[in-house]
Amino acid sequence: MLDTEALPALSRADRVAAVDGWLTGLLADAVAGTPPPRQRRGAPPPRTGTEGLALVAVGSLGRRELPPYGDLDLVLVHDGRPEIAALADALWYPIWDAGLRMDHSVRTVAEAVGVASVDVKAGLGLLDARLVAGDAELAGTLRTATRASWRQSAATLMPALRDLRRERARQVGELAFLLEPDLKEAYGGLREGQVLRAAAAAQLADEPTEEAEGAYTLLLDARDELRRRTGRPNDLLVRQEQRPVAVALGWADEDTLLREVSLAGRRLAFLADETWRRVEASLVRRPRGRYRRVRREPLAEGIVRQGDEVVLARDAKPAADPGLLLRGAAAAARADLPLSPYTLKVLAVHSPPMPEPWPAEVRWSFLRLLASGRPAVAVLEQLDQEGLLSRLLPEWDRVRSLPQRHPWHRFTVDRHLVEAAAAAAELTRDVDRPDLLLVGAFLHDIGKGWPGDHSVVGEPIAAEIATRMGFAPADVETIAILVRHHLLLPDTATRRDIDDPVTIQRVAGTIGSDSAVLQLLHALAQADGAATSSSAWSPWKAHLVAALVARVQARLGPSQGTAPQPLLHPTDPQVRSGPAGVPDAVTVGVADVADGQQITIGAPDRPGLFSLCAGVLALNQLDVRAAKVEVEGDRGTAVFAVRPRFGRAPVPEILADGVRAALEGTLPLADRLRQREADYRQNGARSAAPRVSWHNGEVTGDGTGIVEVRAGDRAGLLYRLTAALVAEGLDVTSARVETLGGDAVDSFYVCNPSGTPIDGDQRHRIDEALVAATAGAVPDPMRIEALHSGGGEGKGDTPG
């Protein structure tokens, strides 16, 4: 009897041997326990034993890769034995009784070949057919016939297999760039190893190399340990299982595991891409008489196009030409063609070390490569896979396949740098020095391969690389500045008041009052954001950064155009809640702006006005992206840039009625928002601990401070935060709000009504109130009401 509970702990080889031995015994018992059919007169005597009967394993068991808790894929092959149904029942039922999952079939060789010739999944499985027990000759016939059928049907089966893998990759993603990869189904996973063998079986590609088999085995080991740890048939390497799997496999930590998995997945994906190119080229049907010599078209010195690839010219001398590598890469990218695998091998073996500093021609080729945009991504991946990129830039190994554990990032660090350079190639006409933009984008996160703040650490590393590339000292300094301050504009635009002169002066001073650097940083911010994700770089964020750049540019020198307009300015009211002519009426105006709408709310000035307006917007499922408060006389005006959370545009009449009801106390905002949060299961408690920080040195005016809150986003967060500030007796004069993925980064300009500075004790109380607000707490309504009834003139949220 098979000890199924002990199977997961066994090694792969021992697990397969144990299952094979058990199945062999089951087949023998089934044959012995099944009575022979009644012999007909004149018919040959019935066969006994396993003659004409074979139990064949396919799938993972056929490949001797059975994972813990894996399915048994079995085929009972026969040559027409009449008692086959009884034999099959006697064989299958003990397997089910043992609690093992099984995919089974009963077929003759002809039936199996017929299915395999039209069903790509069945055909792929039968390529791994292996005899477990029974008639070896019959199993050999099956294997020979199905492989011949696979070769004959390759013209239809291989494209079907390609389409299956592409669709699965679209659904699951690419293993190399996933923080929680599916080791089997993600592109570059275990399925790609099987694709390589299938192409070889169809005689359309070579057998997988030893390197490919090593990457495949690494993924097998990770998958086996993952299943062993979780105790179930699971191939998704989730975050909480990564550390124990890493330790069990002898790696230092989960980041090392994820990096090794990424490297293996990238290698398999790269080889699969190369294989599919070969397969597709082999399956192209040409009319008879059209098999002519492939034309060779020169692309650059020593580089020609041959068919759909870029290869070396016959007179090329790679060992004596240091510039040939990048010249060929640039030519391939410009032609949007791959370098041939053989050409890559020749360049890897024969290219001499690059002189330092790089010759001008080499640097020019590298810049042409980066300037090619999207086609450069595939060519740079080819250089990376052959180890050529690390040879040119030794620092590249520190970021190669380095995971970025943040949901905004779609790629590993190295691929993010390549994607950023590709995005920067679309912006080169917006700057005076496109060469510096491309190199700055390619190196801006290079510091992530070392401990510390990657912007600070990366500055000298980028300077060293730029020097080695042969840039002039002034250009080296500019590239270093780009790396050091590549986050300056987006961070400032989303967390500071860009209408504050101190903010503008700080940005100008940081970049040395250099308009060219400002241009480059703006383009770099756009490229960096585009290469990260849409969550990190939305149209609204792009609008904020552009507005900041316009203000800094105006500060640096006379503008050739009109002066920048305020980012948020009141619009004319469209609706009024309350009788006409009544001074305490609520007005609302809605205007379409970039990435959403701008809402202007006018109402009688009173403590908590800004907070109540934010609460009404949250109740109407509007995410606030930025906000500003203005007071004139007895009227307060709050301007909000919003984006509908579920696509429904704001209705001015509903907003006006809601604000009026909240001011009159007939709308229980806190309770309604709490219910709204429960309805949509928005729970900020699962996010990281909130962080409150103060930036009092970056504002204009005595007594004013900037308090920044980072917390998990949830319905009504802005309302609760501003209500907490009002309850602590503060005046909220302005706010900058940004929602990125599941995180909110809110900055508030606050001051005491009396103008006295915010002291340490008060700051401590405010911090506690804000942290409580991020967890869902709302200040005591009676306390806020007491502030409301205090009388006197107010300013925005100023208590009376």
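Predicted model: local features only at pLDDT ≥ 70, side-chain atom pairs only at ≥ 80, totals over all residues.
Of the 800 residues in this protein chain, 55% count as buried, where buried means under 20% relative accessible area, exposed over 50%, and partly exposed in between, with a 1.4 Å probe and protein chains only. Residues are numbered from 1 along each chain as its sequence is written, and side-chain values use heavy atoms, with hydrogens and water left out.

The chain holds 31 helices and 16 strands, helices being DSSP runs of H or I with at least four residues and strands runs of E with at least two, numbered from the N terminus. Among the contacts with a separation of 6 or more, 69% join residues 24 or more positions apart, contact meaning heavy atoms within 4.5 Å.

Let me turn to a pair of helices. Helix 15, residues 374-385, packs against helix 18, residues 413-424, at an angle of about 150°, and their axes lie 8 Å apart; axes here are lines fitted to C-alpha atoms over the stretch in contact, and angles run from 0 to 180 degrees between N-to-C directions. Helix 15 and helix 18 are therefore roughly antiparallel, a term for angles over 145 degrees. On the side of helix 15, Arg374, Val377 and Leu380 meet Arg415, Val418, Glu419 and Ala422 of helix 18. By class, this contact has 4 nonpolar, no polar and 3 charged residues, where Ala, Val, Leu, Ile, Met, Phe, Trp, Tyr, Cys and Pro count as nonpolar, Asp, Glu, Lys and Arg as charged, and the others, Gly among them, as polar.

A second pair is helix 22, residues 488-495, and helix 23, residues 501-510, which pack at an angle of about 175° with their axes 12 Å apart, and which are therefore also roughly antiparallel to each other. Leu488, Leu489 and Thr492 of helix 22 make the contact with Thr503, Arg506, Val507 and Thr510 of helix 23, and these residues divide into 3 nonpolar, 3 polar and 1 charged.

How many residues of helix 29 are buried? In helix 29, residues 717-727, the count is 11 of 11, including Tyr719, Arg720 and Thr722. Just after helix 29, Gly729 takes a positive phi of about 80°.

Finally, Gln762 in helix 30, residues 760-774, counts as buried at 9% relative accessibility. Leaving aside residues up to four places away in sequence, Gln762 touches Glu728, Leu730, Asn752 and Pro757.

Conventions
Parallel < 35°, antiparallel > 145°, perpendicular 65-115°, else oblique.
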